[in-house]
Amino acid sequence: MSLSTEQTVLDAHYMARALELARKGLYSTHPNPRVGCVIVQAGAVVGEGWHVRAGEPHAEVHALREAGENARGATAYVTLEPCSHFGRTPPCADALVKAGVARVVAAMQDPNPEVAGRGLKRLAEAGIAVHSGVLEGEARALNQGFLKRMEHGVPFVRVKLAMSLDGRTAMASGESQWITGPEARSAVQRLRAQASVVLTGADSVMADKARMTVRPAELGLDPEQTALAERRPPLRVLIDGRLRVPLDAAFFTAGPALVVTCVPGAAARYQALGHELLEVPGADGHVDLRRVLTELADRGINEVLVEAGPRLAGAFARQGLVDEYQLFVAGTFLGSTARPLLDWPLERMNQAPRLKIIEMRAIGSDWRVTAIPDPAPGV
């Protein structure tokens, strides 16, 4: 059934609000998707909700509780198809049926094989009018990691790089703090808080004494969002193929971490200090990065933020494993002897990879460039 122009506009309006609610879960819902819900009765919003944390009620449940009896005969707008299976919580499709809603509008279907259209089918079988695809692009953008994991079996990989105007990341000595200003560093902290995993390499940990933790005071968020970010810190992952980083390094004293290596038989030493060692096959002491991503996806990891030196960041780029680059550009030159952005030797112009710049904005005294490979990486 085709919708009137007025109804289409209204659907987009209320879905935009549901997406706004869903974004409240940007730092807290892992490994679940970020979902928002709005319930509308006779042109008035009677219930709103968003998913806060895995294991807690979904967005639809919060919105239905707020709506109460006003949910009967109402329209529910939800940014992701209501679930139809029992997980940590009961199916949201059943809750909507029980509440007596008359219509459900979803931004998109859930790619989770346990749902995959069955939630909308359950609603339709109960006599509820269903419609999907409203602001689907915005909904997909909000849950890129969850979708990548469900559809391709690997997490979404975002590489953060800070550089000078001449494309350098550190002096030849390794000195790099600080290229960018405090506003850019705050944005990086938010990227860390948003990620399921912050991944780095042995070179960065040893050269910069990096801890790769989230520093709440630098997030620049409101108290509610800061508290949520603190309660769900990202897993810190160290790629150390030869186990070069000493166990008394700042990275390890900062808290539990996952170390990925090619070296067998060393797990006990790390476990004794509260860390986990994951052995992944590789060549010449370099772990198989694609295998690492598959292993992380199997653990429910949606988004990986790579903060690493030119060798490891370059390896991700060369192997076509990067979904998005976050480039922070400072208004300075570091000179021709400084370290390059990526270790990626190219000989001819036709070898140069193309990037599509999707956003560029000033951030303090620096610039933030968001770019994606063009074409997108294979899987």
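The largest cavity lies between domain 1 (5-142) and domain 2 (145-374), because both domains give residues to its lining; the domain bounds come from an automatic or database domain assignment. The structure is a predicted model, in which local features need pLDDT of at least 70 and side-chain atom pairs count only at pLDDT 80 or more, whereas totals for chains, interfaces and linings use all residues. Residues are numbered from 1 along each chain as its sequence is written, and side-chain values use heavy atoms, with hydrogens and water left out.

Two cavities of 30 Å³ or more are held by the structure. Here a cavity is a set of points, on a 1 Å grid over the protein atoms alone, where a 1.4 Å probe fits but cannot get out; a pocket is an open set with protein on both sides within 12 Å along at least five of seven lines; and lining residues have an atom within 4 Å of a point. Grid points are joined across faces, edges and corners, and a volume is the space filled by probe spheres set on the points. The largest cavity contains about 80 Å³ of space. Its lining consists of 15 residues, and His30, Asn32, Arg34, Asn302 and Glu303 lie nearest the centre. By class, three of the lining residues of this cavity are nonpolar, nine polar and three charged, where Ala, Val, Leu, Ile, Met, Phe, Trp, Tyr, Cys and Pro count as nonpolar, Asp, Glu, Lys and Arg as charged, and the others, Gly among them, as polar.

His30, one of the residues nearest the centre of the largest cavity, is joined to Pro31 by a cis peptide bond with omega of about 0°. Pro31 is found in the loop between α1 and β1 (36-41); helices (H or I, at least four residues) and strands (E, at least two) are DSSP runs, numbered from the N terminus.

The second largest pocket holds about 670 Å³ of space. Of its 23 lining residues, Arg158, Gln194, Gln326, Glu359 and Arg368 are the closest to the centre. This pocket also lies between the two domains, since domain 1 (5-142) and domain 2 (145-374) both give residues to its lining. At least two lining residues are supplied by each of α5 (136-142), α7 (182-194), β15 (324-329), β17 (355-363) and β18 (366-373). Strand β17 provides the largest share, five residues. The lining of the second largest pocket comprises nine nonpolar, four polar and ten charged residues.

Three aromatic pairs were counted, under the rule that rings of Phe, Tyr and Trp (its six-membered ring) pair if their centres lie within 6.5 Å, with planes under 30 degrees apart counted as stacked, over 60 as edge-to-face and the rest as tilted. Tyr14 and Tyr77 form a tilted pair, with 5.3 Å centre to centre and 35° between the planes. Because Tyr14 lies in helix α1 (residues 5-22) and Tyr77 in strand β3 (residues 75-78), the pair ties together parts that are 63 residues apart in sequence. Tyr14 is buried, with a relative accessible area of 10%, and Tyr77 is buried at 2%; buried means under 20% relative accessible area, exposed over 50% and partly exposed in between (1.4 Å probe, protein chains only).

An edge-to-face pair is formed by Phe252 and Tyr270, at 5.9 Å centre to centre and 65° between the planes. Phe252 belongs to helix α10 (residues 250-253) and Tyr270 to helix α11 (residues 267-271), so this pair ties together parts that are 18 residues apart in sequence. Phe252 and Tyr270 are both buried. Together with Phe251, these residues form one aromatic cluster. The charged end of Arg236 sits over the ring of Phe251, 4.4 Å from its centre; this assignment requires NZ of Lys or CZ of Arg within 6 Å of the ring centre and within 35 degrees of the ring normal.

Most residues other than glycine have a negative phi. Leu135 has a positive phi of about 55° although it is not a glycine. Leu135 is placed in the loop between β5 (129-132) and α5, and is partly exposed, with a relative accessible area of 23%. For Leu243, likewise not a glycine, phi is positive at about 55°. Leu243 is found in the loop between β9 (235-239) and α10, where it is buried, with a relative accessible area of 16%.
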